[in-house]
Amino acid sequence: MKLTIIGTGYVGLVTGACFAEVGHRVICVDNDAAKVRQLRAGVIPIYEPGLEELVKRNVALGRLSFTENTPEGVQQSDVVFIAVPTPPQPDGSVDLSFIERVARDIAGAMTEYKIVVDKSTVPVKTGEKVAETIKRYCKAKVDCDVVSNPEFLREGFAVGDLMNPDRVVVGVRSQRPVAALKQIYAPFRAPIVVTDIASAELIKHASNSFLALKISYINAISVLCEASGANVQEVAAGMGMDERIGRRFLDAGIGFGGSCFPKDLSAFIKIAEQIGYDFRLLKEVQRINADQMDRFVKKIIETLWVLRDKKIAVLGLAFKQNTDDVRMSPAIALCQRLQKEGAALRVHDPKAMEKARPLLPDATCVEDMNAVAEGCDALVIATEWDEFKNLDLERVRKSLSHPILFDGRNLFDRAQMEERGWIYKSIGR
Ligand code: UGA
């Protein structure tokens, strides 16, 4: 099918590349001309495993192209996807101005019937507003169906998640656009859940908030584990074997971050408030998340006492593994807290160092993870990169002035670490 995606951020670019990969002809539109030029030249602005090859292959095959011209994108396709940012406002609500702008642009360019699909994460009832806006601004007075099709991909696993989705959610007002959406998604062989538009929009916020709740739940359990001598990983394993619960998203740590969970939680709380419901459960999820970081900082201070003039090594700056994204990263927040206490930092991340530099201008970036701890008083692990499990622990231990490791992601076995002479502090164990 002929598809257009407006917005080449994480969701838009990965969606465009994956749609092209399964044989659709895709035009990706972005109003940033420099970005479009880069993408045409095969330069991918984000690190996402597998994405670069996918983009290059499909551009070469003529199935994927880039333009900054929205009318061209709209007129040459049957279905137009909206994948533009929905950033948070200071009060936690969502800024929908990009969505509104794109709806008007689409309306202005439409000369025949189109299906307009919203992929951005939006508050419930946004689809209705998009449909109203397109109707109002469409000079040609042609028909259009608005569809809500939320995206569930995770950064760092985006291509895999998009190519193998658990489900595809399609929210519609009438049955007319359903066949086209089913045709687009047929190659992905996933169950397609057809709902009304409001339900589809709610599924996205409800899912992200539930996952954040699961993480805060296990983080709260980690506090009980520490107080009672239990081991949170054993508790999570035992809970997770119940199929009704599941083991995923039960990894205790220094809290969740990134550009989705914190923003979507605040937005969902605000949306609920506007509908007249005080979502106290989700406010508690936020509070537990903030406490988890405070508790970890406290643990470091309790052990090292005064941080002023201490040197601390930090492994991990991205908000999670497999990405160079540092937006709302708990690791960056932790570094900033340690710096505020007066510590000097040596930091390493396999992919995120470049993006972290402007946020941590005073930290020393170290290319080799095994050299990060040289001359430091302690080592901290802040992101769950698999690479860190292969750390040369002997070399790192000798390079530290004291063998102290604060493992904020529970990457190592506590008993083994203590046997090897480490003062090892982790989460909930
Ligand atoms: C999240 C959702 O998982 C996706 O389904 C959704 O599409 C996406 O938001 C979005 O709305 O766009 P993402 O933000 O990429 O994806 O990252 P996650 O893998 O969900 O991790 C979020 C945070 O939770 C990270 O900071 C991670 O370290 C933390 N986390 C995750 C834990 O602390 N413990 C866990 O067990 C899992």
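This is a predicted model: local features need pLDDT of at least 70, side-chain atom pairs count only at pLDDT 80 or more; totals for chains, interfaces and linings use all residues.
Let me turn to the contact between them. Domain 1 contributes 33 residues to this contact, and domain 2 contributes 31. The size of an interface is often given as the accessible area lost when the parts come together. Here, the area buried between domain 1 and domain 2 is about 2600 Å², and carbon and sulfur atoms give 61% of that area.

What polar links cross the interface? Between domain 1 and domain 2 there are 13 residue pairs in polar contact. The side of domain 1 that touches domain 2 draws at least two residues from each of α6 (126-137), β6 (144-148) and β7 (168-171). Sorted by class, that side holds 16 nonpolar, 10 polar and 7 charged residues.

The interface of domain 1 and domain 2 also has 2 salt bridges. I draw your attention, too, to a salt bridge between the side chains of arginine 327 and glutamate 155, with a distance of 3.5 Å from N to O.

Glutamate 155 leads us to the ligand. Of the 20 residues around the ligand, those that come nearest are Phe152, Leu153, Glu155, Lys204 and Asn208. For glutamate 155, a polar backbone atom is 2.7 Å from an oxygen atom of the ligand. In glutamate 384, an N or O atom of the side chain is 2.8 Å from a ligand oxygen. Finally, arginine 409 places a polar side-chain atom 3.3 Å from an oxygen atom of the ligand.

How values were computed:
Residues are numbered from 1 along each chain as its sequence is written. Side-chain values use heavy atoms; hydrogens and water are left out. Contact means heavy atoms within 4.5 Å. Buried area is the accessible area (1.4 Å probe) that two parts lose on being put together, summed over both. A salt bridge is a side-chain nitrogen of Lys or Arg within 4 Å of a carboxyl oxygen of Asp or Glu. A polar contact is a pair of N or O atoms within 3.5 Å; within protein, one must be able to donate a hydrogen and the other to accept it, and residues adjacent in sequence count only if both atoms are side-chain atoms. Helices (H or I, at least four residues) and strands (E, at least two) are DSSP runs, numbered from the N terminus. Ala, Val, Leu, Ile, Met, Phe, Trp, Tyr, Cys and Pro count as nonpolar, Asp, Glu, Lys and Arg as charged, and the others, Gly among them, as polar. A residue is near a molecule or strand if one of its heavy atoms lies within 4 Å of it.
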